[in-house]
Amino acid sequence: MNRLSKIIGGVFVLFGLSWWGLAVYPYLSFAALKENVDPNTKEVAPPDIPGAAQQGYRVYAANGCVSCHSQFVRDKSEGGDIDREWGKRRTVARDYMKDNQVFLGVSRMGPDLTNVGVRQKDAQWFYRYLYDPRLFNPDTTMPSYRWLFQEQAITGQPAQNALKLEGADAPRAGHEIVPTAEAEALVAYLLSLKRDYALPEAPAPQE
Amino acid sequence: MSVPNQTADLQLNRVAAGNGSVLRGPILLFFASGLFWLLIAVALWLLSAFQVMDPFSPLVFPDVAWLTYGRVYPVAMDLLVYGWASMSGVGTAIWILNSMAKNPFTGGYLPLLAGIIWNLGLFFGVWGVLGGGSTGKEWLEFPIYAAFPIWLAEIIMAIWTVALFIGRRGKGGYISQAFLLTAFIAFAWAYGSANGFLGFFKVGGVAASAIHWWYFGCLISLWLTPLGVGIVYHFVPLLIGRPLYSAKLATISFWGIVAFGGWTGIAQILGAPLPAWNQTASVVANVLLVVPILAFATNLHLTMKGSFDLIKPNLALRFLVTGGMVFGLAGIWNAITTLRSVNRILQFTWATTARTDLFLIGFVSLVCFGAIYYVLPRLVGRSWKYTKLIQIHFWFSIIALGTLVFDLTIAGVLQGFGLMDPKVPFAAVVDLIKPFLLGYELAGVFIGVSALLGVGSFLTVFVNPAWAPDSEEAPEPVINEEVSLA
């Protein structure tokens with residue numbers, strides 16, 4: 001019994017330390033985060049997440065986007081993220097305080113998406129990219145997400161968010177390709193990825 | 001922790017949990033399940049490798065949601081860890097703990113129950129993630145309705161392990177018992193804690209990422225590591241008929257892994273918006289972890305010294321010792337690549353994938369196969385006949401491992417330097433590593449073949465001639481009959 005209690009006691013203490021330090025401590029310290037209100041402009045940072053984007057987290061998670069895309073910008077001293085213009089400053093804990101799911105990621109087979117909503121503001125661009133990534137880069141390793149879209153017959157006016165496609169991708173005559181609700185949610189989420197506001201704890205590095 | 005002369009157990013192991021034992025069923029269930037999930041995992045992995053190589057090949061189905069890369073690859077990795085490595089490791093652990101406890105209490109229904117629930121959890125997990133229910137968190141993709149059964153099975157196994165240890169005959173304990181006990185307790189705690197925080201309480205913000213990557217460190221360093229190390233520490237002395245070289249080194253490796261293991265995970269996401277001291281502590285832990293790992297590798301080497309000849313004829317030993325040595329290499333490589341100056345280049349690249357693969361395919365897989373080759377004939381009372389098949393399996397495993405790790409590491413270094421240089425456009429970085437994806441695909445084929453060979457050997461034992469437990473001849477795959485084991 002002596003040995004057993006020594007082993008189990010030791011494991012509990014040593015393992016418990018890491019549990020407290022890496023799981024409980026960040027949980028408690030980040031729970032106290034408050035949004036930043038600019039004293040002059042009264043602007044709130046980070047801004048609230050638009051309702052349309054809320055469903056997009058689930059689509060992003062379900063389809064393993066994190067397998068290839070990261071979502072954090074490292075400090076200049078830690079890597080080339082800022083030089084690559086993936087963000088003007090490093091990301092800090094407050095950037096994510098309103099996210100109910102966070103996808104930091106460990107792979108950059110595709111570009112970082114921390115600020116993809118700053119780089120691209122057009123939903124149509126995202127729809128076309130998801131539908132056929134080769135339209136933008138013939139050598140891409142990103143697969144097509146055609147199943148996020150559906151073909152439908154045009155009745156009256158063409159749908160507003162119908163994809164502008166040509167050549168091999170073009171739909172049959174009298175038909176159009178429109179995003180499903182999942183695609184709309186995903187793109188709303190991607191458009192909301194904008195960490196371009198200022199936070200005092202993360203000033204943009206001086207050139 | 002004392003390390004008594006384990007040769008005395010040689011005779012015991014020949015009969016323990018053999019024909020007619022209550023534990024025969026559960027151990028077989030865990031082995032068979034592990035190998036089944038290995039086949040599924042490797043098939044999906046291979047598919048994902050083809051998909052990432054050419055996203056417009058006929059193996060990519062843009063209209064079929066559940067076959068897209070972002071769902072297939074995570075399922076393959078999860079099955080490799082929670083299906084193959086965990087289940088075959090647990091099967092071996094049941095055998096080891098039972099034979100070491102020398103205890104009439106076996107509670108065979110508990111491991112059997114755990115095995116069934118574990119399989120159910122994996123089935124729900126595959127169904128859930130392919131069906132679009134993934135949590136989107138690496139190594140924790142299984143939705144809560146799949147994670148919960150797996151956790152329940154872990155709890156049952158932890159209770160069984162502790163009960164068996166308490167009721168053991170004699171006051172002594174072996175180092176492998178300590179490792180296995182730790183593995184079961186830590187895994188149940190870590191898996192329950194991570195899924196509880198993330199899946200049940202739905203913690204948001206970067207606190208979720210801290211918990212997530214803390215868990216990854218525990219999964220590797222406090223579940224798979226002690227499981228594999230415990231297996232090696234048990235079987236190697238047994239197979240060469242000599243005790244472990246040093247009890248002191250064994251103790252250092254044990255307490256070192258327990259002390260540093262839990263801190264290792266955060267180093268995967270250095271530069272993330274987490275407390276700076278968390279990240280520093282994690283880098284330090286990864287470097288310090290070299291001490292227990294080298295203590296283990298040195299101990300293994302010194303135990304084997306003079307008996308290395310046995311590696312050639314005894315294939316079970318060959319798998320186990322090679323796996324143990326790969327673990328030593330993986331530990332050193334892990335420490336080097338975690339250093340901030342190296343990490344800033346290799347982070348986010350295929351080199352970090354290779355680092356995890358070296359551990360999983362090199363260390364854990366080889367050790368689990370070695371253990372199966374030792375245990376299975378004793379379990380079913382039949383000897384190995386087709387040793388050639390196992391020999392080919394060994395070499396295919398090594399070729400697969402080498403191809404995978406070298407290819408991805410070189411690709412990762414190129415990718416890393418490319419990403420560091422803002423003058424290189426992102427698309428050019430992808431072009432740079434495209435040729436290496438061909439090697440990745442090839443490695444995937446090798447891994448598939450070696451998995452098939454392993455499963456094939458597993459099945460052949462059931463048609464082999466019966467083996468009498470009291471005969472002088474050992475039943476594990478031995479090429480040269482003249483070399484005696486004990």
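# Exercises on a two-chain predicted model

With 12 C-beta neighbours inside 10 Å, Glu85(A) counts as exposed. Keep in mind that the model is predicted. Let's start with that residue and work onward.

**Exercise 1. Which residues of chain A does a cis peptide bond join, and what is its omega?**

Solution. 
- Step 1: The bond joins Ala45(A) and Pro46(A), with omega about -10°.
- Step 2: Pro46(A) sits in the loop between β2 (44-45) and α2 (51-54) of chain A.

**Exercise 2. Is Asp78(B) buried or exposed, and which residues is it in contact with beyond its sequence neighbours?**

Solution. 
- Step 1: Locate Asp78(B) in helix α3 (residues 69-101) of chain B.
- Step 2: Count neighbours. The cut-off for a buried residue is 20 or more other C-beta atoms within 10 Å. Asp78(B) has 24, so it is buried.
- Step 3: Leave aside neighbours within four places in sequence; Asp78(B) is then in contact with Gly125(B), Trp139(B), Glu141(B) and Phe142(B).
- Step 4: Look further along the chain. Thr353(B) is 275 residues from Asp78(B) in sequence, while their C-alpha atoms are separated by 14 Å.

**Exercise 3. Work out how α2(B) and α4(B) are oriented, and what kinds of residues make up their contact.**

Solution. 
- Step 1: Helix α2 (residues 24-53) of chain B and helix α4 (residues 109-130) of chain B have axes 8 Å apart, at an angle of about 20°.
- Step 2: Angles under 35 degrees count as roughly parallel. α2(B) is therefore roughly parallel to α4(B).
- Step 3: Their crossing is left-handed.
- Step 4: From α2(B), the residues Gly25(B), Pro26(B), Leu29(B), Phe30(B), Ser33(B) and Trp37(B) meet Pro111(B), Leu112(B), Gly115(B), Asn119(B) and Leu122(B) of α4(B). Sorted by class, this contact has 7 nonpolar, 4 polar and no charged residues.

**Exercise 4. Now work out the orientation of α14(B) and α15(B).**

Solution. 
- Step 1: In chain B, the axes of helix α14 (residues 387-420) and helix α15 (residues 426-460) come within 8 Å and cross at roughly 160°.
- Step 2: Angles over 145 degrees count as roughly antiparallel, and α14(B) and α15(B) are therefore roughly antiparallel to each other.
- Step 3: α14(B) passes α15(B) in a left-handed crossing. Their contact has 24 nonpolar, 11 polar and 1 charged residues.

**Exercise 5. How many residues of α11(B) are buried, and how many residues of chain B are in contact with chain A?**

Solution. 
- Step 1: Helix α11 (residues 315-338) of chain B reaches 34 Å from its first C-alpha to its last, close to the 34 Å expected.
- Step 2: Of its 24 residues, 18 are buried, so α11(B) is largely enclosed by the rest of the structure.
- Step 3: At the interface, 72 residues of chain B are in contact with 61 residues of chain A. The chain B side divides into 44 nonpolar, 21 polar and 7 charged residues.

Terms used:
Residues are numbered from 1 along each chain as its sequence is written. Chains are lettered from A and ligands numbered from 1 in the order in which they are written. This is a predicted model: local features need pLDDT of at least 70, side-chain atom pairs count only at pLDDT 80 or more; totals for chains, interfaces and linings use all residues. Axes are lines fitted to C-alpha atoms, for helices over the stretch in contact, and angles run from 0 to 180 degrees between N-to-C directions. Helices (H or I, at least four residues) and strands (E, at least two) are DSSP runs, numbered from the N terminus. Angles under 35 degrees count as roughly parallel, over 145 as roughly antiparallel, 65 to 115 as roughly perpendicular and the rest as oblique. A crossing is left-handed if the near helix is turned anticlockwise from the far one by less than a right angle, and right-handed if clockwise. Ala, Val, Leu, Ile, Met, Phe, Trp, Tyr, Cys and Pro count as nonpolar, Asp, Glu, Lys and Arg as charged, and the others, Gly among them, as polar. The expected span of a helix is 1.5 Å times one less than its number of residues. Two residues are in contact if their C-beta atoms, placed from the backbone, lie within 7 Å.
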